[in-house]
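The structure is shown first, and the notes come after it.

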Amino acid sequence: MGRFDELKEQVLDFRDARDWSQFHTLKNLSMALSIEAAELEELMLWKSDEDIQASLKDTEFQENLQQECADILNYLVLIAHAGNFDIVDAALSKTKVNNEKYPVEKSRGTATKHNKL
């Protein structure tokens, strides 16, 4: 069993032990994901890129960053399960799509959206 499968199993076991699957509709999970993403953003709100880079040396900031990212990943696992798809396969497929949208020769060093290249 790979590490991602182990994670998925632990997340689902945690949910099932608490009988929370009844609440884990796609709508609720997507809203929870959005809230967790906002909590990640809150860690960096009003800070410059330099401030954030310096914060990475702070143990409390680093722990908070990891916790919020873990919450986001766990909700993505639950969303994929509720949506009946493999999140790793979806991510790999999306990477292929992005490679086509953003060819290196047009995209390197620019943040321009694909339809503006």
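The model is predicted.

**Aromatic pair and the charge over a ring**

- Searching the whole structure gives 1 aromatic pair.
- That pair is made by Phe14 and Trp20, whose ring centres are 5.6 Å apart.
- The planes of Phe14 and Trp20 are at 75 degrees to each other, and the arrangement is edge-to-face because the angle is over 60 degrees.
- Phe14 has a relative accessible area of 42%, and Trp20 has a relative accessibility of 35%.
- Phe14 is therefore partly exposed, and Trp20 is also classed as partly exposed.
- Phe14 has a further neighbour in Arg18, which lies over the face of its ring at 3.6 Å from the ring centre.

- Most residues other than glycine have a negative phi.
- Asp19 is not a glycine, yet its phi is positive, at about 55 degrees.
- Asp19 sits in the loop that runs between helix H1 (3–17) and helix H2 (26–44).
- With 47% relative accessibility, Asp19 counts as partly exposed.

- Asn84, a residue other than glycine, has a positive phi near 60 degrees.
- The loop that holds Asn84 lies between helix H4 (59–83) and helix H5 (87–101).
- Asn84 counts as exposed because its relative accessibility of 72% is over the 50% cut-off.

Technical notes
Residues numbered from 1 in each chain as written. Predicted model: local features only at pLDDT ≥ 70, side-chain atom pairs only at ≥ 80, totals over all residues. Heavy atoms only, no water. Phe/Tyr/Trp six-rings, centres within 6.5 Å; stacked < 30°, edge-to-face > 60°. Buried < 20%, exposed > 50% of the residue type's maximum accessible area, 1.4 Å probe, protein only. Lys NZ or Arg CZ within 6 Å of the ring centre and 35° of its normal. Helix = DSSP H or I, 4+ residues; strand = E, 2+ residues; numbered from the N terminus.
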